[in-house]
Structures are given as structure tokens and as C-alpha cells.
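The sequence and structure are shown first, and the points follow by topic.

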Amino acid sequence: MYLITWNARYATGIEEIDEHHRHLVELLNTVYDHFVNRTPCWDGAKIFAELTAYTRLHFAAEESLMRAGGYPGYALHKIRHKQFAARLEEMRDTFCSGQREMSFELLTFLNTWLLSHILDADADMGRFVMANGHRKAA
């Protein structure tokens with residue numbers, strides 16, 4: 001069962017970034033599947049570790065593109081990334097401290113943030129990068 005099905009409206013037009021977004025959507029769908037099916041003994045710490053590592057890689061790639069292309073919204077975009085990473089880390093710490101129940105709060109946060117960020121901030125960045133010819137991270 002999927003929470004999000006990838007479709008063309010989420011595409012930025014930048015292949016590397018779109019591939020990252022597809023993978024993040026897959027991770028979110030994995031969390032959702034475990035939550036809905038109440039999978040016994042699933043490794044939530046592993047999912048958090050992968051989400052954390054992958055968002056770091058993804059954010060670094062986006063920020064490199066924005067810097068290389070002189071994207072005017074870079075500073076605000078980077079702040080949004082830091083806010084997301086801090087909140088994800090906070091949720092991971094709560095989970096790993098013994099509150100192992102995957103909460104609706106995590107799913108709502110990931111779903112809302114990811115989709116709104118892709119459709120708003122990343123779409124804007126993608127339009128700028130595509131218009132200015134910088135399609136690869138430096």
C-alpha cells in the first residue's frame with residue numbers, strides 16, 4: 001500500500017534530483033506500509049538511519065546545484081533543509097529512546113513536508129536551474 005504514488009507533477013526536470021525524490025517517496029511509503037500493517041519487529045531505527053543519510057545526500061546535491069547556478073533562493077532553501085533535518089533527528093531520537101511506536105505524527109510530517117517542499121521550493125529551484133543550464137551538482 002502506498003501513501004504517495006510518484007507522478008510527473010513532482011518532477012523538477014533535473015534527473016538526479018527527481019531520482020532522489022523518487023527514493024525519498026519510496027522510503028516514506030515503506031514507513032507508511034509498516035504503520036498501516038503494524039508490522040511486528042520491523043527495524044524502525046534502520047529506516048530512520050536511511051532517511052537521515054539519504055536526506056543528507058539529497059540536500060547536499062540540491063545545495064550544490066543551487067550554489068553552482070547562483071539560485072537566488074539558496075539561503076532560504078538551505079534553512080528549510082536544516083529545519084527538516086533537525087525535526088527528523090528529533091523524531092529519530094524519540095523513537096530510539098524507547099518510544100518505538102511509529103506515530104501518525106511522523107507520517108504526517110514526512111508526507112506534508114516532502115510533498116510541499118517538492119511542489120513549492122524544489123519546483124522553483126528546478127525551473128531556475130533548468131532555465132540557466134545547471135543540471136548537475138558541482
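What span should the 26 residues of helix 2 have, and how far apart are its end C-alpha atoms? The model is a predicted one. At 1.5 Å a residue, helix 2 (residues 44–69) should span 38 Å, and the distance between its end C-alpha atoms is 37 Å, in agreement with that expectation.

**End of helix 2**

**Helix 2 and helix 3**
- The axes of these two helices come within 11 Å and cross at roughly 170°.
- Because angles over 145 degrees count as roughly antiparallel, helix 2 is roughly antiparallel to helix 3.
- On the helix 2 side, the contact residues include Phe48, Leu51, Phe59, Glu62 and Met66; on the helix 3 side, they include His77, His81, Phe84, Leu88 and Met91.
- The residues of this contact comprise 11 nonpolar, 5 polar and 5 charged.

**Helix 2 and helix 4**
- The axes of helix 2 and helix 4 come within 12 Å, with a crossing angle of roughly 20°.
- That angle makes helix 2 roughly parallel to helix 4.
- The crossing of helix 2 with helix 4 is left-handed.
- Helix 2 contributes Phe48, Leu51, His58, Phe59, Glu62, Leu65, Met66 and Gly69 to the contact, while helix 4 contributes Leu106, Leu110, Trp113, His117, Asp122, Met125, Phe128 and Val129.
- By class, the contact of helix 2 with helix 4 holds 11 nonpolar, 3 polar and 2 charged residues.

**Helix 3 and helix 4**
- Helix 3 (residues 74–96) and helix 4 (residues 104–132) have axes that come within 12 Å and cross at roughly 165°.
- These helices are therefore roughly antiparallel to each other, and their crossing is left-handed.
- From helix 3, His77, Arg80, His81, Phe84, Arg87, Leu88 and Met91 take part in the contact; their partners in helix 4 include Leu106, Phe109, Leu110, Trp113, His117 and Asp120.
- This contact of helix 3 with helix 4 divides into 9 nonpolar, 3 polar and 5 charged residues.

**Salt bridges**
- The structure contains 5 salt bridges.
- One of them joins Asp120 and Arg80, whose closest N and O atoms are 3.8 Å apart.
- Asp120 belongs to helix 4 and Arg80 to helix 3, so this pair ties together parts that lie 40 residues apart in sequence.

Key: Residues are numbered from 1 along each chain as its sequence is written. This is a predicted model: local features need pLDDT of at least 70, side-chain atom pairs count only at pLDDT 80 or more; totals for chains, interfaces and linings use all residues. Side-chain values use heavy atoms; hydrogens and water are left out. Helices (H or I, at least four residues) and strands (E, at least two) are DSSP runs, numbered from the N terminus. The expected span of a helix is 1.5 Å times one less than its number of residues. Axes are lines fitted to C-alpha atoms, for helices over the stretch in contact, and angles run from 0 to 180 degrees between N-to-C directions. Angles under 35 degrees count as roughly parallel, over 145 as roughly antiparallel, 65 to 115 as roughly perpendicular and the rest as oblique. A crossing is left-handed if the near helix is turned anticlockwise from the far one by less than a right angle, and right-handed if clockwise. Contact means heavy atoms within 4.5 Å. Ala, Val, Leu, Ile, Met, Phe, Trp, Tyr, Cys and Pro count as nonpolar, Asp, Glu, Lys and Arg as charged, and the others, Gly among them, as polar. A salt bridge is a side-chain nitrogen of Lys or Arg within 4 Å of a carboxyl oxygen of Asp or Glu.
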